[in-house]
Amino acid sequence: MANLLHNSSFFLLLCLLHFVLVAKSQSFIGINYGQVADNLPAPEATAKLLQSTSIQKVRLYGSDPAIIKALANTGIGIMIGVANGDIPPMASDPNFAKGWLSSNVLPFYPASEIIVINVGNEVMSSNDQNLMTNLLPAMQNLQKALNDISIGGKIKVSTVHSMAVMKQSDPPSSGSFDPNIGDLLKGLLEFNKATGSPFAINPYPFFAYQSDPRPDTLAFCLFQPNAGRVDAGTKIKYTNMFDAQVDAIRAALNAMGFKEVEIVIAETGWPYKGDSNEVGPSIENAKAYNGNLIAHLRSMVGTPLMPGKSVDTYLFAMYDEDLKPGPTSERSFGLFKPDLTMSYDVGLSKANNQVPTPKTPVSPSPNASPKAPVTLSPNPAPKAPVTPTLVPTPNTTVTPLSPKTEKSVKAGVSDSQSQANINVGMLVLSQILWYPMLHMR
């Protein structure tokens, strides 16, 4: 009996340790570190702050050497970027690509764990034909330069897209890319497939809500309990906008024959402040979106089309960028303040990675609501074209979820509550596990 108890306890211990390692690694949680600001803390202070969180990856829009150096030996993966203006010379001159690596990668790697180099940002929705046609050759020259120094398999080359590259996303199963960029996009995807690099894209449920500011849309965008929306093509019920947008991207990739290409969410977030005429920004809503998104990722539920895994997701953003133009919301996405304190708590601290229960979301005032329903849009950034996405189906019978696609939000239980339940379960399991082991002879 004692041996049986010992073996059972040892097995449970292994299971518990595996669970803890998976939960703690959270390599799927990253953050964007923008620098359009004049009040940012020293890079060394930011590196230390990141080490106190469960954030495992950082995306830079450029290749600031001070930041890359500060992140050395931290174990934090780093995405760096080639500026849009460097795309034409990198495309036309292989030596430019080699020189770029010599200046921006080789002095720091591998102590600074550079994992991806993004060539350009949202180039395919820029309408700049020169940049668009030069993007693939630039990526190819950079890849060859990496291969020539034998690190081509360790550092991936990609580019980041806005959701404006999507023509259709309503319903998610009908997701498709804009045919006007079809040939260029196919070339990029073939590159992604051949090199194993990800398809990086920026979905923002916040902008979808701005185009349809109704309370049910807000709950759908914030991962809060809602009636759900059924994809007429698959009969799958979606309970949040993030999954719907990600699955629309997955469907579009699959339709083009690129099922092997992985998706990375290069940006997503919610502003905590905005102008008086902006619908949606508030601390409560930002905390609900980011907190529930983090809990959703930690749950490893995945999306209906990609169950059982979490897509690498880079939150936007580390800090506010006070020099950005546009509405106040553009300068109010920061999860941390320049003094290194939290703007609001979404459970990223290693000391307490349980997501605090967010308050009820702030709905728009009556005069901000449209008189007639507006088609939802997954538009990822201001000034980008509106792309329709999932539309409510109030008169549709809700299709029961299969075990494969069932979400963690059940009977009014949010992802954050589910995460809390997991934490309690781990505590109870540890007590059950250790008690017999401590009393063993």
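What share of the contacts in the chain between residues at least 6 apart in sequence join residues at least 24 apart? In this predicted model, the share is 73%. The chain holds 12 helices and 14 strands. Of its 441 residues, 52% are buried.

Pro41 gives one example of a link across the sequence. Pro41 sits in the loop between strand E1 (29-33) and helix H2 (43-51). Its C-alpha lies 7.1 Å from that of Asp339, although the two residues are 298 apart in sequence. Leaving aside residues up to four places away in sequence, the contacts of Pro41 are Tyr33, Thr46, Tyr319, Pro338 and Leu340. The relative accessibility of Pro41 is 13%, so Pro41 counts as buried, the cut-off being under 20%.

Aromatic rings form 14 pairs. In one of them, the ring centres of Phe316 and Phe333 are 5.2 Å apart and the planes meet at 70°; the pair is therefore edge-to-face, a class that requires an angle over 60 degrees. Both residues lie in the loop between strand E14 (313-315) and helix H12 (415-438), 17 residues apart. Phe316 is buried, with a relative accessible area of 5%, and Phe333 is likewise buried, at 2%. Phe316 and Phe333 also belong to a cluster linked by ring pairs, whose other members are Tyr204, Phe206, Phe207, Tyr209, Phe223, Phe242, Trp270 and Tyr289.

A charged residue also lies over an aromatic ring: Arg229 is placed over the face of Phe220, 4.5 Å from the ring centre.

Note on methods
Residues numbered from 1 in each chain as written. Predicted model: local features only at pLDDT ≥ 70, side-chain atom pairs only at ≥ 80, totals over all residues. Heavy atoms only, no water. Helix = DSSP H or I, 4+ residues; strand = E, 2+ residues; numbered from the N terminus. Buried < 20%, exposed > 50% of the residue type's maximum accessible area, 1.4 Å probe, protein only. Contact = heavy atoms within 4.5 Å. Phe/Tyr/Trp six-rings, centres within 6.5 Å; stacked < 30°, edge-to-face > 60°. Lys NZ or Arg CZ within 6 Å of the ring centre and 35° of its normal.
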